[in-house]
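Visitor: I am new to this structure and would like to be walked through it. Could we look at it together?

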Amino acid sequence: MTIQWFPGHMAKARREVTEQLKMVDVVFELVDARLPLSSRNPMIDDIIKQKPRVVILNKKDMSKQSETDKWTQYFRNQGFYPVQIDSKHGKHLGELMKAAQAATKEKFDREKSKGLRPRAIRAMIVGIPNVGKSTLINKLAKKAIAKTGNTPGVTKKQQWIKVGKELELLDTPGILWPKFEDQAIGKKLSLTGAIKDSIVHLDEVAIYGLNFLLDHDPEKLKQFYQIELNEEDEVIDLFDQIGKRRGMLKRGNEIDYEAVTELIIRDLRNAKIGNYCFDVYDEMKDGLYETKEH
């Protein structure tokens, strides 16, 4: 499954982000706590370069806490200012302001020493589609300013938003990279809803999700769907069991595989089975750079 998705507005967004960068003090990079690495746009490092950065691990309430903590430390080792939040329920947002102040302290100390008056921190918020940017902005601003939706690519243009007297936010459209070289990344992004369902093979995504559960939490898989796991079973056998258990049958008692596929993805996407981080740190750490060069 090779996924390519790079609408014209995303190419334009990349140019605009580059142009607006000089106007901001800090960049807020929003990632999905369930995919702290896979939900990062690799182009962002090239665009942002040395600008101070707060990495926001959003949807922490849907991720596995021990994994989120490992990734938080990883980003700290990179020289970033990581915070864990739950934007949907407005939790831990105070940590974001603290991180922004820490990231910009050096710059504001310089401005103060030159006699410049205190001002609001100007931040640009970036991230791939559907990681919760608009939800976060609306929570921070305490009103519905940014358009939200479960469909990737809702935000189409940039806008400045005031957050009290201390922060001004520049929202940007979600930017996805042109092609996923690693097919697992594409499946993970689809599993969490960052990619439109219409452009992926959902059966492959559901199979990926089931295999993840078999490897990392087979007991929960058994309990949630009330199925049996046998060593000789193949993944298709699990589809059959789930379909029968949930009554997802067509005429002639045939399994409705499309319905089972959608069910599995929906259950994983909405953390109904459990809280998971699909980027398992110990499985990915060998390919990471632990310390950022300054």
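Guide: We may begin with β2 and β3, which run parallel and are joined by four bridges. Please keep in mind that this is a predicted model.

Visitor: Which residue stands opposite glutamine 84 in β3?

Guide: That residue is leucine 57.

Visitor: What packs on the sheet there, touching β2 and β3?

Guide: Helix α3, residues 65-77, packs on the sheet and touches both of those strands. The direction of α3 makes about 165° with that of β3.

Visitor: And which strands does α5 touch?

Guide: Helix α5 also packs on the sheet, where it touches β1, β2, β4, β5 and β6. Its direction makes about 40° with that of β5.

Visitor: What is the strand order of the open sheet?

Guide: The sheet has six strands in the order β3-β2-β1-β4-β6-β5, and the pairing is mixed. At the edges are β3 (81-84) and β5, each of which pairs on one side only. From one strand to the next, the twist averages 25°.

Visitor: How do strands pair in general?

Guide: Strands of a sheet pair through backbone hydrogen bonds, in either a parallel or an antiparallel manner.

Visitor: Then let us take β4. How many bridges does it form with β1?

Guide: There are four bridges between β1 and β4, and the two strands pair in the parallel sense. For example, glutamate 29 has valine 126 of β4 as its bridge partner.

Visitor: And in what sense do β4 and β6 pair?

Guide: These strands pair in the parallel sense too, over five bridges. Here arginine 122 has glutamate 168 of β6 as its bridge partner.

Visitor: Why is β4 described as largely enclosed?

Guide: Five of its six residues are buried, so β4 is largely enclosed by the rest of the structure.

Visitor: Back to α5, please. How many of its nine residues are buried?

Guide: Helix α5, residues 133-141, is mostly covered, with seven of the nine buried. The buried residues are Lys133, Ser134, Leu136, Ile137, Asn138, Leu140 and Ala141.

Visitor: What covers them, then?

Guide: The cover over the buried residues of α5 includes the strands β1 (26-32), β2 (53-58), β4 (121-126), β5 (159-163) and β6 (167-171), as well as helix α4 (93-113).

Visitor: What is found just after α5?

Guide: Lysine 142 follows, and it takes a positive phi of about 60°.

Visitor: A change of topic: at what angle do α6 and α7 cross?

Guide: The axes of α6 (residues 183-191) and α7 (residues 202-216) cross at roughly 90° and come within 9 Å.

Visitor: Which residues make the contact?

Guide: From α6 there are Ala184, Lys187, Lys188, Ser190 and Leu191, and from α7 there are Leu202, Glu204, Val205, Tyr208 and Gly209. Sorted by class, the contact has five nonpolar, two polar and three charged residues.

Visitor: Finally, how many aromatic pairs are there?

Guide: A search of the whole structure finds seven. One of these joins tyrosine 276 and phenylalanine 278 in a tilted arrangement, with 6.4 Å from centre to centre and 40° between the planes.

Visitor: Are those two residues buried or exposed?

Guide: Tyrosine 276 and phenylalanine 278 are both buried.

Visitor: And which residues form an aromatic cluster?

Guide: One aromatic cluster is formed by Trp71, Tyr74, Phe75 and Tyr281.

Conventions
Residues numbered from 1 in each chain as written. Predicted model: local features only at pLDDT ≥ 70, side-chain atom pairs only at ≥ 80, totals over all residues. Heavy atoms only, no water. Phe/Tyr/Trp six-rings, centres within 6.5 Å; stacked < 30°, edge-to-face > 60°. Buried < 20%, exposed > 50% of the residue type's maximum accessible area, 1.4 Å probe, protein only. Contact = heavy atoms within 4.5 Å. Pairing = 2+ DSSP bridges. Axes fitted to C-alpha atoms, helices over the stretch in contact; angles between N-to-C directions. Nonpolar A, V, L, I, M, F, W, Y, C, P; charged D, E, K, R; others polar.
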